[in-house]
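Open the model in your viewer and keep the selection tool at hand.

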Amino acid sequence: MYAEQYEITLPADYDMRIIRERVARAGHLLDDRAGLGLKAYLIRERGADGSPVNQYAPFYLWNDAGAMAHFLVGGGGFQGIVRDFGRPPVHHWTGLGAVAGPARATAPAAASRHLAALPADPDPDATGLGLAGRIARETERLRALARREGVHTAALALDPRDWRLLRFVLWQDAVPGDEDATERYEVLHLSAPGLEDLTGMTEITVPR
């Protein structure tokens, strides 16, 4: 599994109805895309739910790296973003797993993202396994989170270049106030042709 997101930050006075209409018109085009687990068409509106910006920020979970490459550089869809907004940086993460929640059968209305740096853990025994222990704990935390009422899908992914951990959650309704999200989004549409193939977590076992 591969996670991917690009963030298009728009002017403060930008009419977000333009993005809403764009997604209403073309959001269905990836509903049956081979190799795609899900694409959440996300926005943030300035002043809504604490957002400081207007932003269009689609988020993807891919089951197939070739399909992701075709989307980005093979004329598979990303050319529309380049044409209309320029070429934004595309963030990507190695997927550690995804878990279905109790609201999997519903259409999600909101999403949360928690992106955090992974500091070097104290490693008094010089085993080099501090990171493995941290990921194992975060994996269990994700499983517990996915059992909450209103969770559609929860995913965990790792950026091994800058050593940042991503937790992404789709919610049936609003993001709960106690969720420690760094960003909160509205979901305009969900394309999920390979959703069931995403289920499962990488098992991290720390040797003793």
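This is a predicted model: local features need pLDDT of at least 70, side-chain atom pairs count only at pLDDT 80 or more; totals for chains, interfaces and linings use all residues.

Select T9 and show its neighbours: leaving out residues up to four places away in sequence, T9 touches V53, N54 and Q55, where a contact means heavy atoms within 4.5 Å. T9 sits in strand β2 (residues 8–10). Helices (H or I, at least four residues) and strands (E, at least two) are DSSP runs, numbered from the N terminus.

Residues are numbered from 1 along each chain as its sequence is written, and side-chain values use heavy atoms, with hydrogens and water left out.

Next, select D49, in the loop between β3 (36–44) and β4 (54–56). D49 is not a glycine, yet its phi is positive, about 55°. Is D49 buried or exposed? D49 counts as exposed because its relative accessibility is 56%; buried means under 20% relative accessible area, exposed over 50%, and partly exposed in between (1.4 Å probe, protein chains only).

Move to W163, in the loop between β8 (151–159) and β9 (164–171). W163 is also a residue other than glycine with a positive phi, near 55°. With a relative accessible area of 38%, W163 is partly exposed.

Now select residues 130–146, which form helix α4. The 17 residues of α4 should span 24 Å at 1.5 Å a residue; the expected span is 1.5 Å times one less than the number of residues. The end C-alpha atoms of α4 are 25 Å apart, which agrees. Colour the buried residues of α4, among them G130, I135, L142 and A146.

Finally, show the whole chain, with its four helices and eleven strands. The radius of gyration of the chain is 17 Å, close to the 17 Å that the globule rule gives for 208 residues, so the chain is as compact as a globular protein of that length. That radius is taken over C-alpha atoms, and the rule is 2.2 Å times the number of residues to the power 0.38. Along its principal axes the C-alpha trace spans about 55 × 40 × 35 Å. Buried residues make up 47% of the 208 residues.
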